[in-house]
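Subject: Structure handover

Hello,

Here is the structure you asked to look at. Please open it beside this message and follow along.

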Amino acid sequence: MKSQFFKDVYEVVKLIPKGRVTSYGSIAKYLGTTKSARVVGWAMNNSHVLKGIPAHRVVNRIGLLTGKNHFSSPNKMEELLNNEGIKVKDDRIKNFKKLFWEPINELDL
DNA sequence: ACACTGACCACTG
DNA sequence: CCAGTGGCCAGTG
């Protein structure tokens with residue numbers, strides 16, 4: 001497929017440092033527009049067929065694990081995050097603000 | 001080719 | 001503060 005968006009999304013997601021998280025919207029914003037956030041979600045949906053895509057580090061804007069339902073197991077995402085030292089309480093990332101990794105700031109176009 | 005859906009976000013009332 | 005609506009892109013029936 002010639003979806004540059006997907007490709008870019010994967011690139012950014014793969015660049016997320018261990019122990020950090022980001023949001024669909026931020027990735028979308030980094031790629032040009034916040035309104036394409038839905039496509040980022042789509043990319044994640046397809047990411048499960050690929051490897052090296054830490055989709056568990058990508059959550060929605062408030063740090064809610066909205067996509068955990070799409071993992072192998074609903075608690076897999078939480079476990080992976082815990083494995084990286086990220087605390088998750090009630091499907092929400094604790095200290096999200098601090099762990100937040102914004103591509104625009106970190107990669108700085 | 002058309003319509004609907006989806007792991008979202010921001011704006012408006 | 002909560003609810004509703006629009007916008008974007010790709011995939012599926």
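In which hand, left or right, does helix 1 cross helix 2? The crossing of helix 1 past helix 2 is right-handed. Please keep in mind throughout that this is a predicted model.

Helix 1 covers residues 4-15 and helix 2 covers residues 24-31. The two pack at an angle of about 115 degrees, and their axes are 10 Å apart. On the side of helix 1, the contact is made by F5, D8, V9, V12 and V13. Helix 2 contributes I27, Y30 and L31. Sorted by class, the contact between these helices consists of seven nonpolar residues and one charged residue, with no polar ones.

Next, the DNA. There are 17 residues around DNA strand B, and those that come nearest are R38, W42, M44, R61 and H70. Of the atoms of DNA strand B that come within 4 Å of the protein, 42% belong to sugar and phosphate.

Which helix gives the most to the surface near DNA strand B? That is helix 3, with seven residues. Helix 3 spans 37-47, and both helix 2 and helix 3 supply at least two residues of this surface. By class, the surface near DNA strand B has nine polar, six nonpolar and two charged residues.

- R38: a polar atom of its side chain lies 2.7 Å from a base nitrogen of DNA strand B.
- W42: an N or O atom in its side chain is 2.5 Å from a base nitrogen of DNA strand B.
- N45: here a backbone N or O atom is involved, at 3.2 Å from a base nitrogen of DNA strand B.

The last item is L65. This residue sits in the loop that runs between strand 2 (58-59) and helix 4 (76-83). Is L65 buried or exposed? Its relative accessible area is 3%, so L65 counts as buried, the cut-off for buried being under 20%.

What does L65 touch, leaving out residues up to four places away in sequence? Its contacts are V59, M77, E78, L81, V88, D91, R92 and I93. To place L65 against another part of the chain, take K29: the two are 36 residues apart in sequence, and their C-alpha atoms are 19 Å apart in space.

Regards

Notes:
Residues numbered from 1 in each chain as written. Chains lettered and ligands numbered in written order. Predicted model: local features only at pLDDT ≥ 70, side-chain atom pairs only at ≥ 80, totals over all residues. Heavy atoms only, no water. Axes fitted to C-alpha atoms, helices over the stretch in contact; angles between N-to-C directions. Helix = DSSP H or I, 4+ residues; strand = E, 2+ residues; numbered from the N terminus. Left-handed = near helix turned anticlockwise from the far one by under 90°. Contact = heavy atoms within 4.5 Å. Nonpolar A, V, L, I, M, F, W, Y, C, P; charged D, E, K, R; others polar. Near = heavy atom within 4 Å. Polar contact = N/O pair within 3.5 Å; in protein donor to acceptor, adjacent residues only side chain to side chain. Buried < 20%, exposed > 50% of the residue type's maximum accessible area, 1.4 Å probe, protein only.
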